[in-house]
Amino acid sequence: MEETYLLNVEGVKKKILHGGQGELPKLQDGSKITFHFQTLKDDFERTVIDDSREAGIPMEIIVGKMFKLEIWETLLSSMRAGEVAEFWCDAIHTGMYALVSRGMRRIAEGRDPLEGQKHRCGMGNMFDYHSTGYDDLDELQRTPQPLIFIMELFRVEEPSAYKRDTWAMSKEEKLAAVPVLHSEGNRLVLRKEFGQAAAKYQEAVICLRNLQAKEKPWEDGWLKLESLVTPLVLNYCQCQLELGEYYEVLEHTTELLQKHNADNAKAYFKRAKAHAAVWNEREAREDFLRVAHLDPSMAAAVKKELKQLGERMRKKHVEDRKRYQGLFRPSQGP
């Protein structure tokens, strides 16, 4: 089934590839739209730029949350559940696509979409760095052009019908969610469900980082939020120690200590335990001794950890010596 017609929007054409069911959705602020999309160039080869199916996860946007590609809300509002449609959009609607795609690709790669940006708007950052980090998107940025979007609409949910992701919350909702997530994480730790607890702490950190992105770094508002982030990160690291994710603990604790927590004894203690677990004896001893210096009340715990570290290292040296002796022993004849 194919039907081509103009939407009541300048520079947009729609072709229905597969009909949907039911009535057109009634979108309101806070509605969640779930869909797959494919972005193509309007060239002879119809070159594919992005395809959400490659990531295996449908795209979700929240109506009214200032998604940078506003035309998508318009396109989706013309679709019924289960419908597949192709939209041709003139360059007047696609100028921001490179920035939007950059963020989506970074998220799919497990990276921070704001990584490396200064405290400015998206276009300001583009002028600072002159590149999105992706050659094909840089080309789109230099030469705005019409694009084709193929979309499959799965569902539209009212604001009260789903659990809202933290990124979709208002500032007040994020601040209210942080202590709740912190408490849930603590409860899960008591039940030794460390993986689930880590996810709660991580979600709370994301809430605070999103709020920090709107503050000027190192000023009062930013520092106040950072003071809330630190204990959550330390709790997260404790869960990762329990789960055996030692290198992740090293990464997060080192980041904390390098930022502005150089005297945080708990961060040194967790990093020391991670160093010990991966046989970094010198680094572990240095961090343990620094803990005892910063917080004398932890001296007994440090003494216990150093004793265990010494025993483990001696045992490892004996095992290594036996292993190497076996390697270099002359082979016996038949």
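Me: At what angle do α11 and helix α12 pack?

Reply: This is a predicted model. In it, α11 and helix α12 (residues 281–294) pack at an angle of about 155°. Their axes are 8 Å apart.

Me: How do I put that angle into words? Are α11 and α12 roughly parallel or roughly antiparallel?

Reply: Angles over 145 degrees count as roughly antiparallel. Therefore α11 and α12 are roughly antiparallel to each other. Their crossing is left-handed.

Me: Which residues make the contact?

Reply: From α11 come A265, Y268, F269, R271, A272, K273, H275 and A276. From α12 come E283, A284, D287, F288, R290, V291 and L294. Sort the residues of this α11 and α12 contact by class, and you get nine nonpolar, one polar and five charged.

Me: Now the other pair. How do α10 and α11 pack?

Reply: Helix α10 spans residues 246–259. Its angle with α11 is about 150°, and the two axes lie 9 Å apart. That makes α10 roughly antiparallel to α11. The crossing of α10 and α11 is left-handed.

Me: Which residues of α10 and α11 meet?

Reply: On the α10 side they are Y246, V249, L250, T253, T254 and L257. On the α11 side they are A267, Y268, K270, R271, A274, H275 and A277. By class, this contact of α10 with α11 has eight nonpolar, three polar and two charged residues.

Me: On to empty space. How is it found?

Reply: A probe the size of a water molecule is rolled over the atoms, and this shows where empty space is left. Take the second largest pocket here: its volume is about 210 Å³.

Me: What lines the second largest pocket?

Reply: The lining is Q238, L241, E242, Y246, K273, A276, A277, F288, E305, Q308, L309 and R312. The elements giving two or more residues are α9 (220–243), α11 (265–277) and α13 (299–328). The largest share, four residues, comes from α13. By class, the lining of this pocket has six nonpolar, two polar and four charged residues.

Me: How many cavities of 30 Å³ or more are there?

Reply: The count is one. About 60 Å³ of space lies in the largest cavity.

Me: Which residues line the largest cavity?

Reply: T94, G95, Y97, A98, L140, T143, P144, Q145 and L147 line it. By class, the lining of the largest cavity has five nonpolar and four polar residues, and no charged ones.

Key. Residues are numbered from 1 along each chain as its sequence is written. This is a predicted model: local features need pLDDT of at least 70, side-chain atom pairs count only at pLDDT 80 or more; totals for chains, interfaces and linings use all residues. Side-chain values use heavy atoms; hydrogens and water are left out. On a 1 Å grid over the protein atoms alone, a cavity is a set of points where a 1.4 Å probe fits but cannot get out, and a pocket is an open set with protein on both sides within 12 Å along at least five of seven lines; lining residues have an atom within 4 Å of a point. Grid points are joined across faces, edges and corners, and a volume is the space filled by probe spheres set on the points. Ala, Val, Leu, Ile, Met, Phe, Trp, Tyr, Cys and Pro count as nonpolar, Asp, Glu, Lys and Arg as charged, and the others, Gly among them, as polar. Axes are lines fitted to C-alpha atoms, for helices over the stretch in contact, and angles run from 0 to 180 degrees between N-to-C directions. Angles under 35 degrees count as roughly parallel, over 145 as roughly antiparallel, 65 to 115 as roughly perpendicular and the rest as oblique. A crossing is left-handed if the near helix is turned anticlockwise from the far one by less than a right angle, and right-handed if clockwise. Contact means heavy atoms within 4.5 Å.
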